[in-house]
Amino acid sequence: MPVGLTIEEVFKIAVQMEEMGAEFYRKGAALVGDKRVSKVLYDLAVMEDHHATTFMNMLKNLLRFMGKKSYVSKNEEFLHLLVDDYVFFLATSPTDVISEGANVREIIQLAIQKEKESVVFYSFFQRLFERDEDKKKVEAIVNEELQHIATLRRALGISCHQMKT
């Protein structure tokens with residue numbers, strides 16, 4: 001990752017993470033046999049779509065004030081490490097990690113792991129902003145991602161219960 005990462009590039013990574021998360025949830029929803037779990041996954045996909053839209057709107061507003069050449073300098077080295085990890089993740093389509101034979105438990109466990117990674121990324125991402133308004137928007141998304149984890153854990157309970165019956 002080159003030195004001098006622009007805020008636009010960081011936002012594009014965040015948007016792409018959300019878009020790929022939505023794609024993952026849609027494929028998972030289509031593959032699981034349990035209608036309740038399928039609905040949970042589909043609803044999460046819609047939420048990820050909203051997150052992507054929020055980040056795109058934030059970027060548009062920031063670019064009006066900062067311009068495209070605004071570079072991230074605050075904690076840049078750590079940000080590069082995070083971005084490098086996520087660029088690797090983004091190189092693989094989320095639908096490629098779910099095989100036709102994947103079971104509900106595997107899909108949900110992978111989703112929980114990816115949600116946790118998103119929380120870490122966005123928690124750091126939030127530190128890049130000066131304005132409280134922007135920090136609060138990212139904080140709201142972090143909180144929603146944490147709710148996604150709780151929702152997925154409940155769905156995992158539904159799945160495990162059905163496996164026993």
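**Figure 1. Overview of the predicted model and its helices.** Of the 165 residues of the protein, 44% count as buried, and the model shown here is a predicted one. The protein contains 5 helices and 0 strands, so that, when the chain is read along the sequence, its pattern is written α-α-α-α-α.

**Figure 2. Helix H4 and its start.** Helix H4 covers residues 104-126, and the 23 residues of H4 should span 33 Å at 1.5 Å a residue, a value with which the 32 Å between its end C-alpha atoms agrees. At the start of H4, the backbone nitrogen of Arg-105 has a side-chain oxygen of Asn-103 within 3.0 Å.

**Figure 3. Helix H1 beside helix H4.** The axes of helix H1, which is made up of residues 7-31, and of H4 come within 12 Å and cross at roughly 165°. Because angles over 145 degrees count as roughly antiparallel, H1 is described as roughly antiparallel to H4. The crossing in which H1 passes H4 is left-handed.

Figure 4. Ala-14 has its place in helix H1, while Phe-121 has its place in helix H4.

**Figure 5. Aromatic pairs of the model.** A pair of aromatic rings is described by the distance of the centres and the angle of the planes. The structure holds 4 aromatic pairs, and one of them is formed by Phe-24 and Tyr-25, whose rings lie 5.7 Å centre to centre with 75° between the planes, an edge-to-face arrangement. Phe-24 is buried, with a relative accessible area of 6%, and Tyr-25, at 3% relative accessibility, likewise counts as buried. In another pair, the rings of Phe-55 and Tyr-122 have their centres 5.1 Å apart and their planes at 45°, and the pair is therefore tilted. This second pair links distant parts of the chain, since Phe-55 lies in helix H2 (residues 35-66) and Tyr-122 in helix H4, 67 residues apart. Both Phe-55 and Tyr-122 are buried.

**Figure 6. The aromatic cluster.** Phe-11, Phe-55, Phe-121 and Tyr-122 together form one aromatic cluster. Among its members, Phe-55 belongs to helix H2 and Tyr-122 to helix H4, and Phe-121 is likewise placed in helix H4.

Figure 7. Gln-126 is found in helix H4, and, because residues under 20% relative accessible area are called buried, Gln-126 counts as buried at 18% relative accessibility. A polar atom of the side chain of Gln-126 lies 3.1 Å from the backbone oxygen of Lys-135.

Notes:
Residues are numbered from 1 along each chain as its sequence is written. This is a predicted model: local features need pLDDT of at least 70, side-chain atom pairs count only at pLDDT 80 or more; totals for chains, interfaces and linings use all residues. Side-chain values use heavy atoms; hydrogens and water are left out. Rings of Phe, Tyr and Trp (its six-membered ring) pair if their centres lie within 6.5 Å; planes under 30 degrees apart count as stacked, over 60 as edge-to-face and the rest as tilted. Buried means under 20% relative accessible area, exposed over 50%, partly exposed in between (1.4 Å probe, protein chains only). Helices (H or I, at least four residues) and strands (E, at least two) are DSSP runs, numbered from the N terminus. The expected span of a helix is 1.5 Å times one less than its number of residues. A polar contact is a pair of N or O atoms within 3.5 Å; within protein, one must be able to donate a hydrogen and the other to accept it, and residues adjacent in sequence count only if both atoms are side-chain atoms. Axes are lines fitted to C-alpha atoms, for helices over the stretch in contact, and angles run from 0 to 180 degrees between N-to-C directions. Angles under 35 degrees count as roughly parallel, over 145 as roughly antiparallel, 65 to 115 as roughly perpendicular and the rest as oblique. A crossing is left-handed if the near helix is turned anticlockwise from the far one by less than a right angle, and right-handed if clockwise.
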